[in-house]
Amino acid sequence: MESRLKRLGSMFLDHFIMSFIIVPLMMLFGLIGFFFIDKDIAIFPERLFLFGFYFLFTVYFLKDSFRGKSPGKRIIGFQVIDRKTNLPANSVKCFVRNLFTPLWPLEIFITIISPNRRLGDVMANTKVVEVETESLKLFLKDFKNLRFSRNTLIIVIIAIVYSFLLFKLMMMWHEHLYQINS
């Protein structure tokens, strides 16, 4: 049971850390758009805010792409590995496994049953293993050493499109609920 609690703890810690990073940056995008963008030009504050939302949500989907370790996994001592090679999962596999993050209630339930593999891990053919804990300074070092390849660019574009579609779906659902309650 301890492994399950540690795994759930790393999921919640990742969510907290990513939210702590993303929400203030989204607010900054909104403030920049509100105060510094001319309202008469084509770029409206809402568009800048939405761009920030899509971009930063993309960061959330790619959080494990640094040697298979997100900030929360580093602190608690986990790593995402490829099941075939037992090496750290590449950015494509990490992206695919995080596509299922919006299904977080299901992901939490599956993690309780199987702490090493959630739905995203099954789809990406990855698993989470325990490793030594790391300082977040190593995360910043990995981030600084990041080299963009064509594959990385494609993943980022796909992640932005996925974030956009997810946001549109949430807005349609919200409008539908609003119409039902009216």
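Helices (H or I, at least four residues) and strands (E, at least two) are taken here as DSSP runs, numbered from the N terminus. On that basis the chain of this predicted model holds eight helices and two strands, and from the N terminus on they follow the order α-α-α-β-α-α-α-β-α-α. Residues are numbered from 1 along each chain as its sequence is written, and side-chain values use heavy atoms, with hydrogens and water left out. Because the model is predicted, local features need pLDDT of at least 70 and side-chain atom pairs count only at pLDDT 80 or more, while totals for chains, interfaces and linings use all residues.

Of the 182 residues, 37% count as buried, where buried means under 20% relative accessible area, exposed over 50%, and partly exposed in between (1.4 Å probe, protein chains only). The chain exposes about 11,500 Å², of which carbon and sulfur atoms supply 72%; accessible areas come from the Shrake-Rupley method with a 1.4 Å probe, and for residues only the protein chains shown count as cover. Taking contact to mean heavy atoms within 4.5 Å, 70% of the contacts between residues at least 6 apart in sequence join residues at least 24 apart.

D14 lies in helix α1 (residues 2–36) and is buried, with a relative accessible area of 2%. Leaving aside its neighbours within four places in sequence, D14 contacts K63, D64, S70, P71, G72 and K73.

R67, in the loop between α2 (45–61) and α3 (71–76), is partly exposed at 37% relative accessible area and, though not a glycine, has a positive phi near 60°. N86, in the loop between β1 (78–82) and α4 (91–98), is likewise not a glycine and has a positive phi of about 60°.
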